[in-house]
Amino acid sequence: MNGKLDYRWHLRKVMADRGMFSTTDLLAPLAERGITLSTSQVYRLVVERPERLSLKILMALLDTLDCTMDDLIEPIAAAIPSTRPKKAAAGGITTTDSIGDLRPERARITGTTP
């Protein structure tokens, strides 16, 4: 297999297919399966793509929603980051530079006067 893999998280869509339109609809079914999460944790689980996910939580979600991992997680090819164009010689500014690339000139302090 060539290239890097990424994934899409479809928990919100799967919940909607099951008639669950509020993130708090998951609190009670998960609690029945021994998973205790706060409302903000459940919200982040539904709305954001999790980077780390406990297998117990994943299994509880699959059981609660009566779905498979293929329904929740879709593997996709990772987007290749575009390379930034190089700056012109002698500090020239290219048209793709943003304000964040501008830096002030370093101050030079010479002797002190009494």
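Which helix gives the largest share of the lining of the largest pocket? Helix 3 (residues 39–47) does, with three residues. Before the details, some ground rules. The model is predicted: local features need pLDDT of at least 70, side-chain atom pairs count only at pLDDT 80 or more, and totals for chains, interfaces and linings use all residues. Residues are numbered from 1 along each chain as its sequence is written, and side-chain values use heavy atoms, with hydrogens and water left out.

Start with the fold. The protein has five helices and two strands. Helices (H or I, at least four residues) and strands (E, at least two) are DSSP runs, numbered from the N terminus. Along the sequence the pattern reads β-α-α-α-α-α-β. Contact means heavy atoms within 4.5 Å. Among contacts between residues at least 6 apart in sequence, 62% join residues at least 24 apart.

Now the surface. The accessible area is about 9,300 Å², and carbon and sulfur atoms hold 55% of it. Such areas come from the Shrake-Rupley method with a 1.4 Å probe; for residues, only the protein chains shown count as cover. Of the 114 residues, 24% are buried. Buried means under 20% relative accessible area, exposed over 50%, and partly exposed in between (1.4 Å probe, protein chains only).

Helix 3 shows how burial is arranged. Its buried residues are Val-42, Leu-45 and Val-46. Seen down the helix axis, they fall within an arc of 95°, so they line one face of helix 3. The arc is taken from the directions from the helix axis to the C-beta atoms. An α-helix has 3.6 residues a turn, so residues three or four places apart point the same way. The cover over the buried residues of helix 3 includes strand 1 (5–9), helix 1, helix 2 and helix 4.

Thr-23 sits between helix 1 (11–17) and helix 2 (27–32). Thr-23 counts as buried because its relative accessibility is 17%. Leaving out residues up to four places away in sequence, Thr-23 touches Met-15, Val-42, Tyr-43 and Val-46.

Asp-66 counts as exposed because its relative accessibility is 67%. Its phi is positive, about 50°, although Asp-66 is not a glycine. Most residues other than glycine have a negative phi.
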